[in-house]
Amino acid sequence: MASSSNSEFKCSYISLSIRDLDTHTQVTELKCSYDIFLSFRGLDTRTKFTDHLYEALKREGFETFRDNEGIERGENIYSELQNAISNSSMSVIVLSKTYATSKSCLFEIQTILEHRKKNSDHVILPVFYEVDPSEIKEQAKKLDFGEKKVTVEEVEGWSAALKEVASMGGMVYGNQYNRSEAKFIEEIIGVLKIKQANKHLRDLEENMQNLKRKVEYLSGQENDINSQISNPEQGTRPKKEVEVWLTNVQQFKDDVKRLEQDVVGETTNVSSRMRLGKDIAKKILEVQELQKKGSDFNSLMIDKDITFNWQYCLCLLLYWVCIVAVFFIFKSLKESSL
């Protein structure tokens with residue numbers, strides 16, 4: 001069974017559908033999630049294989065949700081597991097001799113498959129630890145929980161899920177393969193790195209194009225604001241916030257140009273492309289903030305210049321003096337004619 005020693009989800013990068021300020025597109029955006037949901041039978045592997053695998057995943061930077069007795073045992077355990085699975089990019093299922101005897105493990109495996117039906121991007125890696133896939137398929141045919149409270153529908157669902165996972169291409173460990181456990185874990189890490197990289201590779205070019213479209217929209221906002229600054233109303237000036245925004249926009253555009261050059265130049269290195277995917281995700285969030293501020297400046301663009309203009313006041317005073325003088329002259333002429 002899987003749970004977590006920390007109830008707060010960590011942050012990683014996944015693909016989401018959101019409404020852009022300028023267009024409706026698929027973009028990669030930050031969302032709190034785990035990289036891996038680790039499902040296993042604690043009775044078989046908690047203090048040996050699974051613990052070693054978990055530590056190796058941590059060293060390689062994978063945020064992993066695993067059983068550390070962190071979920072409160074009670075009515076909410078299944079909802080907690082569902083939440084953890086739906087907030088993970090990948091699931092590693094360590095199938096062992098007694099995995100199929102745990103209702104919690106079977107619930108996890110069924111929930112993982114249901115989640116992948118909703119999110120086809122979710123990666124599943126079955127790991128057969130000291131058990132053959134054919135054994136798991138046989139176990140799936142004869143699940144038996146005795147007097148425990150389970151329905152026929154539940155057993156049928158668990159059986160189907162177990163068969164499906166056992167039929168997937170996974171990784172098998174056993175004495176017949178003549179390799180150490182450490183070497184096997186190293187191979188698992190390698191496979192997970194490739195699968196994680198492929199998730200970023202699929203969206204890299206598309207998200208770069210989305211980012212460029214956002215930059216074009218941002219440039220339009222920049223041009224509008226610069227136009228207002230270059231032709232201000234008499235006695236007005238740009239606010240300090242606008243000047244800071246324009247500086248940030250120019251810096252952002254320069255950063256995106258460098259990022260685009262890196263994307264074009266990098267075609268083979270998996271680690272570099274993963275890094276570029278995350279950089280693009282960060283820039284998409286940044287550009288949305290800049291766009292929002294740019295829209296707010298439409299009404300806050302200009303401050304009235306309150307500098308006292310002595311020449312204008314003097315001319316105004318002379319104007320009214322002349323008006324009054326003319327009035328009295330006409331009045332005197334009128335009185336004298338009487």
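Helix H5, residues 133-141, packs against helix H6, residues 152-166, at an angle of about 170°, and their axes are 8 Å apart. H5 is therefore roughly antiparallel to H6. Angles over 145 degrees count as roughly antiparallel, under 35 as roughly parallel, 65 to 115 as roughly perpendicular, and the rest as oblique. Axes here are lines fitted to C-alpha atoms, for helices over the stretch in contact, with angles from 0 to 180 degrees between N-to-C directions. The helices (H or I, at least four residues) and strands (E, at least two) are DSSP runs numbered from the N terminus.

This is a predicted model, in which local features need pLDDT of at least 70 and side-chain atom pairs count only at pLDDT 80 or more, while totals for chains, interfaces and linings use all residues. Residues are numbered from 1 along each chain as its sequence is written, and side-chain values use heavy atoms, with hydrogens and water left out.

The crossing of H5 with H6 is left-handed, a term used if the near helix is turned anticlockwise from the far one by less than a right angle; clockwise is right-handed. On the H5 side the contact (heavy atoms within 4.5 Å) is made by Pro133, Ile136, Lys137, Ala140 and Lys141, and on the H6 side by Ser159, Leu162, Lys163 and Ala166. By class, this contact of H5 with H6 has five nonpolar, one polar and three charged residues. Nonpolar covers Ala, Val, Leu, Ile, Met, Phe, Trp, Tyr, Cys and Pro; charged covers Asp, Glu, Lys and Arg; the others, Gly among them, are polar.

H6 also meets helix H4 (residues 103-118): their axes come within 9 Å and cross at roughly 70°. H4 is therefore roughly perpendicular to H6, and the crossing is left-handed. The H4 residues Lys103, Leu106, Phe107, Ile109, Gln110, Leu113 and Arg116 meet Gly157, Trp158, Ala161, Leu162, Glu164 and Val165 of H6. Eight nonpolar, two polar and three charged residues make up the contact of H4 with H6.

H4 in turn packs with helix H3 (residues 77-86), where the axes come within 10 Å and cross at roughly 40°. That angle makes H3 oblique to H4, and here the crossing is right-handed. H3 contributes Tyr78, Leu81, Gln82, Ile85 and Ser86, while H4 contributes Ser104, Phe107, Glu108, Thr111, Ile112 and His115.

Now to the sheet. Five strands form an open sheet in the order E4-E3-E5-E6-E7, with parallel pairing; two strands pair if DSSP finds at least two bridges between them. Strands E4 (64-65) and E7 (171-173) are the edge strands, each pairing on one side only. Strand E3 (residues 34-40) pairs with strand E5 (residues 88-95) over six bridges, and Ser39 stands opposite Ile93 in E5.

The whole structure holds 10 aromatic pairs. One of them joins Tyr34 and Phe65, whose ring centres are 5.3 Å apart with planes at 80°, so the pair is edge-to-face. Tyr34 lies in strand E3 and Phe65 in strand E4, so this pair ties together parts 31 residues apart in sequence. Rings of Phe, Tyr and Trp (its six-membered ring) pair if their centres lie within 6.5 Å, and planes over 60 degrees apart count as edge-to-face, under 30 as stacked and the rest as tilted.
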